[in-house]
Each structure stands twice: as structure tokens, then as C-alpha cells.
Amino acid sequence: MKYNKFVRFIMFISLLCFFLLAYGFAKGAYTVLNPQKGKLIASNNTQKKKDDDNVHKSDQLKIVALGDSLTRGVGDDEGTGYVGRLKNNLQKEYKQSTSISNLAVSGAKTSDLLHDLKKKNIQETLSTANIVVLSIGSNDLFPGANQMNEQFLKTYRPDEKTFQNNLSSIFKIIHQQNPNASIYTFGYYNPFHNVQGLDASSSFVYRWNNLLELATLQVKNAYVIPTFDLFYNEEDQYLYTDHFHPNKDGYIEMANRLTSKIGSQLRGESNE
């Protein structure tokens, strides 16, 4: 009698274990085949989306401006220059929050900019930029309007080798300080094209523009913004009274052309 009770007890325990095992297996299989997001994961994903939205909304375009008096805006009676108008254009036309650090120095040559690029504060500023804009080289080419005359041009030979080496070093240093920043540099125009006896000076400007193009080709994301065609035969309209720097209207044209080029980058279009 005791033996029969013991057998029935063992059978009951075995059957109970079987049902528990079967239930556990069925639940496990269901969980694998029908996964559900945990509350913590869902919460993290929601937070990440909010963070991404905040980054996008507060994203600011940081521009560093380098170079000479053109970047300083000399000749603009409003004092805005192409740099100030670039910022206004980007904020108005593209709704792009923009900050600009203008580090240009009037009268600077390529050798001066090279010297400045070795300064720690300028290097730190460059490292945070999204875009670098500059104008440099005009002072290397032309000694000054008061020295320009027909006789001077007959014997004048600008130092192309030094200029080319300096340009290459400038773009390489900028790129080394910030490999991800796009670099936009203005090409050269000839302020003496319509001056009697000085039209031959355009040949020097052509050469300077060619050397600038070659220098930008050596680094990634560097582009030339042409200006020769903007001022050609338009000197009376776009040059300041010193017949060298742009006036307000000249800077407007430069800013518009630069804005268009940078705008293509903001739209994700190719800059090539």
C-alpha cells in the first residue's frame, strides 16, 4: 500500500515538472519569436531623438576670415565688407545661424599671413571653424597705386616663386589645423585695367590667379572664388575712390558670389 502511494507521488511530481517545463519552453519560444522593446531602450531612443533635434536646431556655422584689407572691408563706407554681408546673407537666405571671427590685417602679404598662422590663438580659432574664407596675395603682386605706371610695368617682375611657396604653405597649414573645414579664397581682379598705360598689368593678374588655382588644388576642400570678371570694365562702378579696393557695391557682388558657393555646400551639392 505504501509502495503504491509512493509511485503515485513520483508520477504526480514528474507530471508537474513536465507541465512546468513545457510552459517555460513555450514562453521562451514566444519571447524569441515575438521580441518587444524594453522600457529602458524605448526611453533611451526617445531621448536620443530629442538630443539630435536639439543639436540640429542649435547648430551654428563657424566661419574664420583671414587675409588682408579686402577681408577687413576697406573701401566700404558702411564698414561691412564681404565678411559682414556673407553672414547676413547666410542668416537671411538660408536661415543659417552664423558666427564669424575676422582675423584679417590690412596690408598683409602672404608672408604676414604665414607668420600669423603660427600663432597659437589663431590655430585654436581655426580648429573650431566649419569654413575658412580669405583674401591674400594682392599686396604681393602690386606695390601700390602710386608706383604703378607704364614705365614701371616694362621692367616689373613679381616674385612668383616666393608667392607660390607661400600660398602652398598657407593652404597646407590651414588644412592641417582643421582637415574638415572648407576653404574659400578670393581670386584677383585688376584695378588698373582701365587706367591708361596700365592695361598690360592684366597679364600679371592672370598669372597670379593661375598660381592661386594650383595652390588650392594641393589640398582637399579648397576653392577659388573668381573676381576678375566681376570688376573687368566695371571699375568705375565697383571700385572705391582709391581705385584699388572695392566699394560697397563691389563688396556686395563679392559676398553674393561667395554666398552662392557656400550655399551649395549647405544644400549638400557638389562644390567641384
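Author: Let's begin at the end of a helix: Lys 95 follows H4 and has a positive phi, near 50 degrees. Please keep in mind that this is a predicted model.

Reader: Thanks! What makes the length of H4 agree with its number of residues?

Author: H4 has 13 residues, and at 1.5 Å a residue they should span 18 Å.

Reader: Which residues of H4 are buried, and what covers them?

Author: The buried ones are Gly 81, Tyr 82, Val 83, Arg 85, Leu 86, Asn 89 and Leu 90. Their cover includes S1, S2, S3, S4 and the helices H3 (69–72) and H13 (248–266).

Reader: Why is Arg 85 called buried?

Author: The cut-off for buried is under 20% relative accessible area. Arg 85 has 9%, so it counts as buried. Asp 76, with 7%, is buried by the same cut-off.

Reader: And how do you know that Asp 76 and Arg 85 form a salt bridge?

Author: A side-chain nitrogen of Lys or Arg has to be within 4 Å of a carboxyl oxygen of Asp or Glu. For Asp 76 and Arg 85 the N to O distance is 2.4 Å, so the pair qualifies. The structure holds 6 salt bridges.

Reader: What parts does the salt bridge between Glu 160 and Arg 207 tie together?

Author: Their side chains meet at 3.0 Å, N to O. Glu 160 lies in helix H9 and Arg 207 in helix H10, so the pair ties together parts 47 residues apart in sequence. Glu 160 has a relative accessible area of 28% and Arg 207 has 34%.

Reader: Where in the chain are Asp 229 and Arg 257?

Author: Asp 229 is in helix H11 (residues 228–231) and Arg 257 in helix H13, 28 residues apart. These two form a salt bridge as well, with the closest N and O atoms 2.8 Å apart. There is also a network: salt bridges that share partners join Asp 76, Glu 78, Arg 85 and Lys 248.

Reader: What makes S1 and S3 a pair?

Author: Pairing needs at least two bridges. S1 and S3 are joined by 5 bridges, so they pair, and they run parallel. As one of the details, Gly 67 has Ser 135 in S3 as its bridge partner.

Reader: Finally, which residues have the most contacts inside the largest nonpolar core?

Author: Leu 66, Leu 117, Val 132 and Leu 134, in a core of 39 residues. Elements giving two or more residues to this core include strand S1 (61–67), strand S3 (131–135) and helix H9 (160–177). Apart from it lies another core, of 24 residues, among them Leu 61, Val 83, Ile 131 and Leu 258.

Terms used
Residues are numbered from 1 along each chain as its sequence is written. This is a predicted model: local features need pLDDT of at least 70, side-chain atom pairs count only at pLDDT 80 or more; totals for chains, interfaces and linings use all residues. Side-chain values use heavy atoms; hydrogens and water are left out. A nonpolar core is a set of buried Ala, Val, Leu, Ile, Met, Phe, Trp, Tyr and Cys residues joined through side-chain atoms within 4.5 Å. Buried means under 20% relative accessible area, exposed over 50%, partly exposed in between (1.4 Å probe, protein chains only). Helices (H or I, at least four residues) and strands (E, at least two) are DSSP runs, numbered from the N terminus. The expected span of a helix is 1.5 Å times one less than its number of residues. Contact means heavy atoms within 4.5 Å.
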